[in-house]
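Dear colleague,

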Amino acid sequence: MHGSTTDTVLKISNVTKSFGQVAALKSMRLDVRRGRVHTLLGENGAGKSTLMKILAGVHNATSGEITLDGQPYRPANPQQASALGLAIVFQELSLCNNLTVAENILATREPRSFGFINDKALVSRAKAIVADLGLPIDVTEKVGNLSIAQRQLVEIAKGLSHDAKVVILDEPTSSLSDSEAEILFDIIGRLKSRGVAVIYISHRMEEIMRLSDDITVIRDGEYVSTHDRNDVTIEALIALMVGRRMEEIYPPPSHERSTQGAPMLAVENLTRQGEFADISFAVGPGEILGFFGLVGSGRSEVMNALFGMKNADGTVRLDGKDVRFRSPAEAIARGIGFVTENRKEEGLVLGHSVEWNISMAALPDFTGPFGFTRGSAERKAAAAEVGRLAIKTHSLDTPAGALSGGNQQKIVLAKWLLTRPKVLILDEPTRGVDVGAKFEIYKIIRQLAAEGTAILLISSELPEVLGMSDRVVVMHEGVIGATLSGTDLTPETIMAHATGFQS
Amino acid sequence: MTQQTAAQAALVRAMKQYGGILLSLVMLCVIFSFLNPRFMSVVNFMNILQQVAVIAIAAFGMTWVILLGEIDLSVGSIIAVAGMVGAQCFAFGLGFGPALAVTILAGALMGMLNGVLTAKLLLPSFIVTVATMGIYRGLVSLPTNGAPAMIDNSTWTAIGTEGFLGLPIIIWVVAVLFVINQIVLSKTSFGRRAYLTGGNREAAIYSGIKVDRIKIIIFMISGVMAAISGVLLSSRLFSAQTNAGMSYELDAIAAAVLGGTSLAGGVGTMVGTLIGALIIGVMNNGMNMLSVPYFYQLIVKGLVILVAVWLDVRAKQAKR
């Protein structure tokens with residue numbers, strides 16, 4: 001270790017955090033020093049956000065010790081965390097679009113006179129903050145009129161307007177252009193020169209190498225190692241980040257699939273302005289084609305276009321025939337299923353019964369003469385799916401919202417299994433699902449593939465993509481970085497293409 | 001034995017769902033019969049049913065709309081337009097059948113306009129139907145410059161005044177429309193799609209439900225139901241009045257909401273709405289028989305609606 005320990009402003013020792021049976025953090029440690037940028041590096045789900053939420057006072061650590069300036073640090077809530085000198089800028093925006101920049105920056109701390117907000121003082125104070133950070137933003141503008149990137153900068157200004165000793169930036173550049181990112185880097189430079197410690201979270205390797213002083217790698221909720229920026233390479237960091245043996249939770253393919261034969265789905269040069277470009281891939285019957293990419297890489301957008309939710313240019317061939325779907329109804333009728341990313345928003349009708357949710361996409365199959373629903377056939381089919389997928393529910397009439405996350409996800413799967421799809425798109429099929437249900441979902445996916453369904457598996461979890469896929473399409477900023485198979489399927493190559501860094 | 005338990009289970013479920021609202025209805029009837037002995041009579045109940053018919057039918061249409069998470073404020077105006085369209089058809093010398101067809105078609109078109117503006121231009125239905133409420137109300141006066149139009153077609157006027165198989169025709173119309181709406185809502189795929197769309201529009205779209213089409217059809221249903229209400233009202237009045245059906249949309253909304261239809265969408269039944277409409281009808285009739293002044297009636301009606309909905313919400317929260 002370098003520097004004297006008096007430089008340490010935030011010290012995390014042996015911190016653990018469990019949610020019920022699941023351990024999200026195991027013996028985490030971190031030594032953040034004054035005037036330095038400390039990057040936290042790990043895959044999605046490695047435990048970064050849990051750690052940040054503990055620092056922010058959203059969660060309490062299960063055990064371990066945190067000190068700030070040598071004093072024990074245990075904030076009960078975010079307000080206390082910020083009063084103690086910790087500023088967090090989260091990835092998601094928390095601004096009110098109908099208020100001005102000044103009102104947002106100083107929200108809940110507006111200067112007052114006689115109980116009324118003093119607008120003049122408000123504006124001048126906000127101006128000072130913005131000028132201090134060098135932001136090219138008019139504080140009297142409504143936030144709703146700003147670009148997403150500008151809003152991100154306002155969010156940062158809001159976070160930094162407290163007198164912070166430690167500033168946490170969680171993927172702050174994810175929606176910034178290069179020139180806007182420069183402004184942010186400039187701000188970080190100013191903070192450093194003032195002696196503020198910065199904890200930086202990002203997936204962009206070049207950016208990390210440029211900004212960081214120290215880099216800590218974490219994996220599976222555990223501390224791996226800390227490095228001085230000058231002593232480490234990008235390749236080494238990626239290896240540390242993903243370096244693990246494949247866990248035993250991925251069931252092996254049940255058969256040797258021949259890679260020959262006509263593709264079930266072939267996509268050529270699919271393009272949608274501003275979202276993705278020149279997307280070409282093919283998937284055969286029984287094949288699991290993985291899609292990996294970081295947040296914002298355009299994976300979900302491509303799938304929405306395939307499913308008829310959005311227009312896109314290019315050709316799509318399904319089972320040898322050119323198709324162009326103008327609505328999900330057409331896509332479903334031709335044999336495409338889509339397990340969407342957010343089951344609560346796009347997957348389920350939480351207030352309605354398990355039965356209704358399962359039969360929802362296959363409703364035309366349960367419609368008899370004069371449009372009457374064939375109730376007993378529907379109930380029988382729903383009951384069969386509940387049995388087949390081992391969905392734990394009190395009855396078929398229980399509202400879907402009353403079930404656990406894993407069982408809700410199985411209902412979404414059951415819904416699409418009932419449509420007997422030729423191509424099934426799975427977008428983050430195991431997000432927010434416990435390990436047991438994960439394993440069951442993987443088995444179902446394997447079984448579908450064995451029955452000849454072509455599967456597109458989108459995931460942000462590298463082990464999942466590696467463990468399940470025959471081939472992997474890696475996307476980076478709206479284009480395909482590489483399509484990998486066989487011996488190229490290593491965490492290192494996938495991560496390198498996903499972060500846009502190829503050696 | 002299993003037959004019996006199944007029937008019992010159904011009864012328990014019905015009591016859970018409608019118990020609170022049925023209790024309100026019964027309590028109102030008891031109170032009114034204490035205050036006026038003539039209230040509890042077959043003749044008076046026939047009266048109530050006839051009076052409530054116009055509201056009930058409009059409320060069936062409103063139930064569909066609210067079920068979808070939308071609202072239709074143009075219902076009262078469509079009621080007036082329907083009467084005037086009928087009257088003008090007779091003025092042009094059309095017979096009963098064609099006049100009825102044209103009137104119902106007019107209702108469907110007005111509903112379709114509401115639906116298309118809401119679904120395709122993505123305008124909130126509240127705003128769309130506030131606007132069309134004014135537009136349709138204005139259209140009523142165009143043919144006669146604001147004067148009422150007499151209707152002398154005897155078949156048309158018979159609907160509101162004569163009987164069939166011992167019951168007023170108007171009650172048969174309500175019964176038939178109730179059964180049709182209830183069956184379509186609970187037994188067909190269309191009804192299911194309405195429930196699913198109202199419950200979660202995004203999920204419905206991703207499951208291949210054409211939510212725009214559902215929305216337009218449902219606004220058309222509301223328009224057609226309102227037009228039929230307009231036929232009944234004008235037949236009872238022997239004329240088309242330019243201010244007919246004024247603020248009936250509020251009674252229709254109240255009936256649907258009293259009956260348990262959720263303004264958030266996804267929840268509601270025609271049975272509930274019928275009970276809700278009966279509550280409104282009983283209150284109107286009971287207070288009229290007691291010669292309660294109109295302005296007191298408004299106050300009492302508002303309070304009863306608040307209390308009934310509050311009881312219902314409380315019962316449903318307790319169940320969770």
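Which residue stands opposite Ile201(A) in strand 10 of chain A? Before the answer, please keep in mind that this is a predicted model. The residue that stands opposite Ile201(A) is Asp170(A), and the pairing of strand 9 (residues 166–170) of chain A with strand 10 of chain A is parallel and runs over 5 bridges.

Strand 10 of chain A also pairs with strand 3 (residues 37–41) of chain A, and here 4 bridges join the two strands, which again run parallel. Within this pairing, Val37(A) has Val198(A) of strand 10 as its bridge partner. Strand 10 itself, which spans residues 197–201 of chain A, is mostly covered, with 4 of its 5 residues buried.

Turning to the place where the chains meet, 22 residues of chain A are in contact with 18 residues of chain B. On the side of chain A that touches chain B, helix 10 (328–333) and helix 11 (343–347) of chain A each supply at least two residues. Sorted by class, that side of chain A has 11 nonpolar residues, together with 8 polar and 3 charged ones.

In chain B, finally, there is helix 2 (residues 42–67) to look at, which bends by about 50 degrees at Ala53(B). Helix 2 of chain B is followed by Gly69(B), and the phi of Gly69(B) is positive, near 85 degrees.

With best wishes

Terms used: Residues are numbered from 1 along each chain as its sequence is written. Chains are lettered from A and ligands numbered from 1 in the order in which they are written. This is a predicted model: local features need pLDDT of at least 70, side-chain atom pairs count only at pLDDT 80 or more; totals for chains, interfaces and linings use all residues. The bend at a residue is the angle between axes fitted to the seven residues ending there and the seven starting there. A residue is buried if 20 or more other C-beta atoms lie within 10 Å of its own, exposed if 12 or fewer, and partly exposed in between; C-beta atoms are placed from the backbone. Two strands pair if DSSP finds at least two bridges between them. Two residues are in contact if their C-beta atoms, placed from the backbone, lie within 7 Å. Ala, Val, Leu, Ile, Met, Phe, Trp, Tyr, Cys and Pro count as nonpolar, Asp, Glu, Lys and Arg as charged, and the others, Gly among them, as polar.
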